[in-house]
Amino acid sequence: MLVKLVRNSHLALIAGVFALSATSVTAQEVTLRYGHMHTPNSIAGMQAEWLAEAIEEKTNGDVAVDIYPNSQLGRLQELAEAVSTGSIALSHNTAGAIGSLYAPFAAFDTPYLYRDVDHLMKVMDVDSSVMSTLNEELAAASGVRLLYAFYFGTRHLTANQEIHTPDDLAGVKIRSIPFPIYMATVEGMGAIPVPVDWSEVPTALATGVVEGQENPVNVVVSAKLNEVQSHMMLTGHISAAQVIVINDDTWQSLSPENQAAIAEAALEVRERATTAMQEAEASDLAQLAEAGMQIIGPEEGLDVDAFRTRVQARITEEFDSQYGDLYQLISETR
């Protein structure tokens with residue numbers, strides 16, 4: 001999907017010569033490529049379009065954004081690396097995936113870490129006491145800068161059987177995002193974690209390569225995973241923010257005026273996408289139930305405390321020595 005098209009033959013020639021670069025530049029215009037893994041109809045996909053529209057408006061057309069959804073420009077790891085190398089300018093991804101570029105970022109996707117969504121969003125604010133320092137470290141280490149983050153939803157477990165406790169997942173293969181903190185989370189839940197890129201999840205579920213997965217409700221709805229999964233367990237194990245990153249060289253090449261305009265656009269989209277996700281969660285869950293998916297919560301016997309205890313023990317074992325100080329700073333954020 002191209003949110004902004006090249007408008008004349010001169011720009012078309014430049015775009016053709018530099019088709020593989022992150023930006024196409026003339027005296028009047030910079031065009032940034034934004035690649036992501038989600039469907040355009042998901043909130044994650046829509047917020048990318050909102051950003052493109054807001055940037056064009058606020059920069060008076062000086063900066064355009066071309067959007068490539070559905071993993072057209074690569075998988076999770078490849079998208080993170082593409083922003084780092086500058087082959088694309090923008091992407092959104094999980095904090096854990098950005099942790100592959102700079103390890104401390106993975107800590108932001110630690111399960112059962114935040115008190116509530118408000119706490120999560122205060123921590124993930126680009127100007128928060130936690131993030132302001134880490135963002136500069138991320139840019140120095142990887143050439144990637146956090147532009148903003150929005151509430152991506154709370155992750156729940158789905159499977160083709162009813163699950164009540166971690167013991168029910170013994171021997172069950174659950175898809176994991178292919179990064180360490182997610183693998184450890186699924187293992188802590190009692191399952192066998194199987195790393196599968198998001199682009200392959202529907203097929204992996206349909207063919208039995210994995211027997212379940214975990215994701216926010218909006219992702220399950222927009223990807224129609226209820227067609228290949230019969231039960232959703234409201235484990236609520238990760239309250240997640242999706243992080244939108246920009247290549248730092250690209251950012252530094254922009255004029256101060258355009259940087260300020262893009263930062264303003266980012267703030268507006270962050271709030272709009274977060275609100276949209278919060279409003280969608282209840283209706284999306286109802287939609288899944290109406291479609292026949294069985295929703296299993298505490299009233300249906302789901303032992304959330306047992307999942308929390310097991311997962312936190314597994315995370316402590318592997319990550320506290322690495323992220324303990326950061327966890328403390330996150331806990332102290334008010």
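Tutor: A residue counts as buried when its relative accessible area is under 20%. The model here is a predicted one. By that cut-off, strand S3, residues 63-68, is mostly covered, with 6 of its 6 residues buried. In a regular strand, side chains alternate between the two faces of the sheet. In S3, Val63, Val65 and Ile67 point one way, while Ala64, Asp66 and Tyr68 point the other way, and all are buried. The chain reaches S3 from strand S2 by way of helix H2 (residues 43-58), and this β-α-β crossover is right-handed. S2, residues 30-35, pairs with S3 in the parallel sense, over 6 bridges. Within this pairing, aspartate 66 of S3 has arginine 33 standing opposite.

Another strand, S9, spans residues 231-247 and holds serine 239. Serine 239 has a relative accessible area of 19%, so this residue is buried. Leaving out residues up to four places away in sequence, serine 239 touches Tyr114, Leu120, Gly153 and Thr154. With threonine 154 there is also a polar contact between side chains, at 3.5 Å.

Leu120 is one of the buried residues of helix H5. At the start of H5, the backbone nitrogen of aspartate 118 lies within 3.3 Å of a side-chain oxygen of aspartate 116.

Technical notes: Residues numbered from 1 in each chain as written. Predicted model: local features only at pLDDT ≥ 70, side-chain atom pairs only at ≥ 80, totals over all residues. Heavy atoms only, no water. Helix = DSSP H or I, 4+ residues; strand = E, 2+ residues; numbered from the N terminus. Buried < 20%, exposed > 50% of the residue type's maximum accessible area, 1.4 Å probe, protein only. Polar contact = N/O pair within 3.5 Å; in protein donor to acceptor, adjacent residues only side chain to side chain. Contact = heavy atoms within 4.5 Å. Pairing = 2+ DSSP bridges. Right-handed = clockwise from strand over helix to strand, strands pointing away.
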